[in-house]
Amino acid sequence: MPEMGPGTQMIGLFFLLLAIRVPVAFSLGLSALYAMWRMGFGLDLAGDLITAGVARYSLLAIPFFILAGALMGSTGIAERMIRFFRVLVGGLPGGMGVVGTVVCLFWGAVSGSGPASVAAIGPMIIKGMEENGYSRAHAAGLVCAGAALSIVIPPSIGLVLFGVIAEVSISQLFLAAILPGLFMGLTMLAVLPFIAPKGAGAGAGPALAGMIPDPYAGLPYGTRLWRSFRDSFWGLMTPLVILGGIYSGIFTPTEAALVATVYALLVGGLVYRSLSLRALYDTLADAAGSSATVMLIVAYAGLFGWVITVEDLVSTYSGGLLGISENPWVILLVIMLILLIAGMFMDAITVMFITLPIVLPVMHELGWDPVWFGVVVMINLAIGLITPPVGVNLFVAANVAHLSIERVARGAVPFLIAALVGLAVVAALPGLSLWLVHWLR
């Protein structure tokens, strides 16, 4: 066991501050400043380290992806998208459950943030599923789990951060996450037969009276499908514009975030004409608040990570992990358990900044592919978004659905089990993550 030096004391103080409900960013900053004081460093160095922690070009993707997702929610793109998918797949067994799953997967390729996805599409999906006969708790649970995949399916803010911390190609991470993200969506669909109400999906899709009016009700199915597709076309093109531009080499993932923002402005302002000055102001304010929260955590996490490095806790704890077993699969299982447990108490960004400096040397020592490992880490953290007591998606969904956290958590249990099965498959089959990367290399 490591001695109780300033670094170890810092980690203990961090968890103590979390326990007394100090916000995560300030828990990171205060515990790191305490350790620096114990080590004899001044606050002037802390300022330089905080500035250096956020002064990275790749991190510009975070506020712009957050803004792009917010704009697409406020300009009616989400509403048009749900209307199209309701007509397309709403008639399948499971009805609005299938629609909700597909929309969550598609919206993940727009938003990049789990809580933002819940806020943007949650009210419409939950209302629609409830009208289709699902319990409100199960509907909220599906939105929680589906929106959590936003940090897996590219473009993902989590993958951007992993790429920055691990110094791995963000483009390759985005590419590697596509198939695992879709596979995780399939595991969610596999849950629906066990919770869907009898008769859900009968006909050409349920009507969502009072939530998303269907202007094409009563028309032949083919006409409804074509007109809903036409209305949602520019929104459906968003992932193609973002990912197509990245993989064709037209722009980098960081530049893609700016492109996505401009695209959302053009679609909302010029195509759909649904972006008023008041709506733009409110969207900018919401996105600025969300971005500031994330970047504050990033800034103080950089300070926290610097102390870990200077105190050489990385070699101490990573050496301890390597000493657990000679079997790499056992070590991987331990790492995933650590990430899952950490995700129960901290947000994904904090977990990455605290754990990655320790587990990345283990990854290199065992020769694991960093791209595959990044996808495995992200699925672990996505599951953390729906696990109590601090699953962020649970809090947002509870607010949206007007339910208690406990009821939403119970409704999410079937999807949580499916997600754990999906995680095991992705971890056991690296080829699922790496096939596209190798094929397009």
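Which helices each supply at least two residues of the lining of the largest cavity? I began my notebook with that one.

**Ground rules.** I am working with a predicted model, where local features need pLDDT of at least 70, side-chain atom pairs count only at pLDDT 80 or more, and totals for chains, interfaces and linings use all residues. Residues are numbered from 1 along each chain as its sequence is written, and side-chain values use heavy atoms, with hydrogens and water left out.

**Entry 1, the cavity.** I found 1 cavity of 30 Å³ or more. A cavity here is a set of points, on a 1 Å grid over the protein atoms alone, where a 1.4 Å probe fits but cannot get out; lining residues have an atom within 4 Å of a point. The largest cavity holds about 90 Å³ of space, a volume being the space filled by probe spheres set on the points.

My opening question has four answers: α8 (136-148), α10 (170-195), α18 (370-384) and α20 (405-428). Helices are DSSP runs (H or I, at least four residues), numbered from the N terminus. Among the lining residues I noted Ala-145, Met-184, Thr-187, Ile-383 and Phe-415.

I looked for disulfides, meaning pairs of cysteine sulfur atoms within 2.5 Å, and the count was 0. Cys-104 is buried (under 20% relative accessible area) at 1%, and Cys-144 is buried at 0%.

Note on methods. 1 Å grid on protein atoms, 1.4 Å probe; cavity = no way out; pocket = protein on both sides within 12 Å on 5 of 7 lines; lining within 4 Å. Buried < 20%, exposed > 50% of the residue type's maximum accessible area, 1.4 Å probe, protein only.
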